[in-house]
Number of protein chains: 2
Amino acid sequence: MGVTPVIFAAGETGEWTIDRILAVAGEPLAPAARLARIEGAVTAPPRARWVLRGTRSNERYTTRPERDELRRVQPELGRAASTEAVLIPISKSDAWWDLPQDERRAIFEARSGHVTKGLGALPAVARRLYHGRDLGAEFDFLTWFEFAPEERARFDDLVGELRRTEEWRYVVREVELRLRRDP
Amino acid sequence: MGVTPVIFAAGETGEWTIDRILAVAGEPLAPAARLARIEGAVTAPPRARWVLRGTRSNERYTTRPERDELRRVQPELGRAASTEAVLIPISKSDAWWDLPQDERRAIFEARSGHVTKGLGALPAVARRLYHGRDLGAEFDFLTWFEFAPEERARFDDLVGELRRTEEWRYVVREVELRLRRDP
């Protein structure tokens, strides 16, 4: 249960081919050919075009029943059939971070159904969250999704629903990277 | 409301004279003559004997009424009469960090009265919390306290009470540094 640092490095190398980089809100990220997700790394690989940093850390909002259900149904990363992935870096506004914990939680789940929506896409869409804010990183969150090509519509529905929530009104920067790897 | 990094650097220089370093639980910190608290810094000053890193970040447990009350009564740091300070670096166990948010909150306030006890010492004891865990820093938390010498007993009562709480059973490492500066 210690924390694990992560680096996402874009450039000419990496397991994942970048098909598309979409700036959903705010500044985009520069185009690149490939992306590597490197857990345990804290320094950028040489010749990276750009690098995003984060930390796999403790959960901030989930209750015991939600957390138990998530752990019961969520799959590991790296399934052979998961040849598609999406990385969504996000930053939220000062107004969000200035809210007390109970009000952030109420927006996150009671009014936006963040956990419930995510559970609806499990186990098809595997997910891992990294935190960047305390690091002073470029994004507050880096969320990584993996799924089989035939589950892509399920993923699209999930992010479409989340973007229509009250929680997403606090998102000031969001980029979506569509990725694939060889089977 | 952005995050602010902090470095505590111990050595031969710094505003604060170190009177005593007490290892309350786990490994101690090495003796040093003086301590500097440097907000905004991310790299260690040259010739520091040791350095602790953290981030001033958003609150993790307080509700709206608690947060409003804290902001109403808590003083700024740097009051002229506050010639004493205490730095308490703490790390909590894996068992703590593996608890879901609702159970950590219940231990923190409902069963340990962390906010209530802290409010009882305000405005005499000014306090600032820094987070280190996501950074992979040496301690999960660095808490800084400032007060006038005649308020020392109030501070001692506060930390004594907190150390007897259920929350403190999850503290696996704790060091207490007693500091003073010239008026």
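Modeller: Contact means heavy atoms within 4.5 Å. Helices (H or I, at least four residues) and strands (E, at least two) are DSSP runs, numbered from the N terminus. Buried means under 20% relative accessible area, exposed over 50%, and partly exposed in between (1.4 Å probe, protein chains only). The model is predicted: local features need pLDDT of at least 70, side-chain atom pairs count only at pLDDT 80 or more, and totals for chains, interfaces and linings use all residues. Residues are numbered from 1 along each chain as its sequence is written, chains are lettered from A and ligands numbered from 1 in the order in which they are written, and side-chain values use heavy atoms, without hydrogens and water.

Colleague: Against what do the buried residues of H3(A) pack?

Modeller: A helix is read by its buried side. An α-helix has 3.6 residues a turn, so residues three or four places apart point the same way. In helix H3 (residues 101-110) of chain A, the buried residues are A:Gln101, A:Arg104, A:Ile107, A:Phe108 and A:Glu109. They pack against H1, helix H2 (94-97) and helix H4 (114-120) of chain A, and also against H3 of chain B.

Colleague: How is chain B related to chain A by rotation and shift?

Modeller: Two copies of a chain are related by a rotation about an axis and a shift along it. Copies are superposed by least squares on the C-alpha atoms of residues with pLDDT of at least 70 in both. Here a rotation of 180°, with 0.0 Å of shift along its axis, superposes chain B on chain A (RMSD 0.0 Å). The two copies are therefore related as by a two-fold rotation axis. Both copies use the same surface, since 100% of the contact residues of chain B recur in chain A.

Colleague: How many residues of chain B are in contact with chain A?

Modeller: On chain B, 29 residues are in contact with 29 residues of chain A. Buried area is the accessible area (1.4 Å probe) that two parts lose on being put together, summed over both. Between chain B and chain A this area is about 2,500 Å², and carbon and sulfur atoms give 41% of it.

Colleague: How many residue pairs are in polar contact between chain B and chain A?

Modeller: A polar contact is a pair of N or O atoms within 3.5 Å; within protein, one must be able to donate a hydrogen and the other to accept it, and residues adjacent in sequence count only if both atoms are side-chain atoms. Between chain B and chain A there are 20 residue pairs in polar contact (both at pLDDT 80 or more). On the side of chain B that touches chain A, the elements giving two or more residues are helix H1 (64-73), helix H2 (94-97) and helix H3 (101-111) of chain B. By class, that side has 8 nonpolar, 9 polar and 12 charged residues; Ala, Val, Leu, Ile, Met, Phe, Trp, Tyr, Cys and Pro count as nonpolar, Asp, Glu, Lys and Arg as charged, and the others, Gly among them, as polar.

Colleague: How many salt bridges are counted between chain B and chain A?

Modeller: A salt bridge is a side-chain nitrogen of Lys or Arg within 4 Å of a carboxyl oxygen of Asp or Glu. The count between chain B and chain A is 8, and over all chains it is 52. One example joins B:Arg60 to A:Asp134, with the closest N and O atoms 2.9 Å apart.

Colleague: Where is A:Arg60 found?

Modeller: A:Arg60 lies in the loop between strand E4 (50-56) and helix H1 (64-73) of chain A. A:Arg60 counts as buried because its relative accessibility is 15%. The side chain of A:Arg60 makes polar contacts with the side chains of B:Asp134 (2.9 Å) and A:Ser57 (3.1 Å), and it reaches the backbone oxygen of A:Asn58 at 3.1 Å. Leaving aside neighbours within four places in sequence, the contacts of A:Arg60 are A:Gln101, A:His131, B:Arg60, B:Gln101 and B:Asp134.

Colleague: Which parts of the chain are linked by the pair B:Glu138 and B:Arg173?

Modeller: The side chains of B:Glu138 and B:Arg173 meet in a salt bridge (3.1 Å, N to O). The pair links distant parts of the chain, 35 residues apart: B:Glu138 is in the loop between E6 and strand E7 (141-147) of chain B, and B:Arg173 is in strand E8 (residues 171-180) of chain B. B:Glu138 is partly exposed, at 43%, whereas B:Arg173 is buried, at 14% relative accessibility. Elsewhere, salt bridges that share partners join A:Glu59, A:Arg64, A:Arg67, A:Asp68, A:Arg71, B:Asp98 and B:Glu103 into one network.
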